[in-house]
Amino acid sequence: MPNRFSIVFLFLYGVSYAQLSVRNNAFVFVNDQIVFVNDAINLNETDSKIYLRNEAQIIQGSGITGNSGIGELSVYQEANVGEYGYNYWCSPVGSKTNNSINNPFGISLLSDVVSLTNSTPATYVHTSNFNGTSTPLNIEPYWIWKYIAGSKYSNWIHVQGNTNINPGEGFTMKGTQGSGNAQRYDFRGKPNTGTIAENVLNNQFTLVGNPYPSALDALKYIHDPENASVITGTLYFWQQDPYVNSHNLTDYQGGYATYTIDATGILETAIPAPFNTYNTDGTLNIIGALRLLGKKPKRYIPIGQGFMVEGTANGTVKTKNSHRVYIKETNINSTFFKALNSKGNSKNVDENNGFSIVPSDYKRFRLNIDFNNTYTRQLIETFHESATNGFDYGLESRINATDILKSDAHWKIDGYFYVAEALPFNEDLKIPLAIKVSQNMPVRIRITDVQNFENNSNIYLHDIENDMYVDLNNQDFNINIEAGNYTKRFEITFKKNTLRTDPKELTFLKVYQNNNMSKLIINNPNAINIKAFELFDVAGKLVHRKKIPSRETTQAYSTKGLNDGVYIVNLLFENTQILSKKIIVNNRK
């Protein structure tokens, strides 16, 4: 039986037990340390308690006895949204029923922190404005929902204040008014342990999470053979814009950040939620209404964190004590909210800049696709000799079916939409990029996180319809596009079509700017068959496009309305090839 001496001992050192039993009104206080218990924890009486403070954690081993007693473990976790925003949760404790199994959870087990060891039970009274409050802590029960094997919004299950959230099931809960988006909750109950299974169905999503009072290793969870046989291997983490102060569904701005990791544990693929926009250097745009910090999930999942998984078969996905690990939430590999920045090759990329470094035998880049300058869908392309043209577990991530936006972009594999794709690299690759827009709008495509490509490598966005190539390493691709679903218009390539026109003929083809006349001149004395010409500014914006209906030997186009600066002229030939020339416009001459 622990006594006051053992409390001091735990404060100073991490310890290991075969079993841990707390009797009568004794308690164990663990500060910033780990306690390992191989088998069971017995909190025998009502006043028998364990307090985990300052990121202390408990890990349990291979024992199968199960935790028991009517005492309680107390562990803190903080929200990061206010009264209008959801967090996805998964409780580390259940009700204090005197048995040896994991018990259901409900918000009646949450308490309001008073002091280091004292808390008062939170209330959960419905309010007319649907807002929870921080002082005193009242949780709005309307916002407590769970989601088991569904694919539609109507599949959410309303929990409210009931204690029927089964061990390992995730649940939604909005924050509180007056907490500064950092409401602290005291989870009090019998700690969960052992193998916990949740139902999944093929092509359906289930809200699960970390059900333990310790961190969970996503690598062990994703690549557990039992789990790999029933889920896609991607974890989906909800993030909601904390600056949208509304409970109306139509006003919500949010999305799912995705995370997967390869079996070696050295290649992470994490993508933020699709409602941020990014600056030209890859950093988040935090001006005006676009003030979010990007949610970037990492390998180690903190206490209380909920997430979605997608089933690939009918069965159960399992969390196990063998997946548990002692990693503090302040560790960089357990932080979910990190801003992305850095644009360039791998020598400038490290964890502090938001991108994980890929091994030297991998290549990678990300596309930031901005819709109407309002939000960004980020896509990842990874290359390795082990990747295939089909689905690669631990390397590729589907879009959550509920997260497909009215205007969106994706890769496509075997009929499914993906935000992360992996392929064996080949310079002759042509990678289709699907884009849909719900109305006429500007779309911008930019590249960032370019790793392990040679400095002179080209990564082109090819607009097949206009037969236009834009090297994304040197400029962004900008286009005003009509409403539609463009599945065959855009692709990523690494080589342009080379000109097959006779080089002797090209020596007579001249494209130049006459600034005295404010005209662009095309001299084509051999009447080579040119289909059209395009004019782009240095930002990649299409300024002018004109068909050339005949083989005229000389054509001139006015540049009086252009701003002074550098422009790129593309001549489009009938054989679908392109010749590019740089011109300088100076209308002041």
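I take buried to mean under 20% relative accessible area, exposed over 50%, and partly exposed in between, with a 1.4 Å probe and protein chains only. The model is predicted, so I keep local features at pLDDT of at least 70 and count side-chain atom pairs only at pLDDT 80 or more, while totals for chains, interfaces and linings use all residues. I number residues from 1 along each chain as its sequence is written, and side-chain values use heavy atoms, with hydrogens and water left out.

**Entry: V538.** I looked up V538 in the loop between β43 (530-537) and β44 (542-547), where strands (E, at least two residues) and helices (H or I, at least four) are DSSP runs numbered from the N terminus. V538 counts as exposed because its relative accessible area is 54%.

**Entry: K495.** I found K495 in the loop between β40 (484-493) and α4 (503-506), and at 42% relative accessibility I log K495 as partly exposed. Leaving aside neighbours within four places in sequence, K495 is in contact (heavy atoms within 4.5 Å) with E427, D428, Y460 and Y469. K495 and Y460 lie 35 residues apart in sequence, yet their C-alpha atoms are 7.3 Å apart in space.

Entry: I then turned to strand β12 (residues 110-113), which runs antiparallel to strand β19 (residues 184-191) and is joined to it by two bridges; strands pair if DSSP finds at least two bridges between them. Three bridges join β12 to strand β13 (residues 119-121), also antiparallel, and these two form a hairpin with five residues between them. I note that S111 stands opposite D186 in β19 and opposite P121 in β13.
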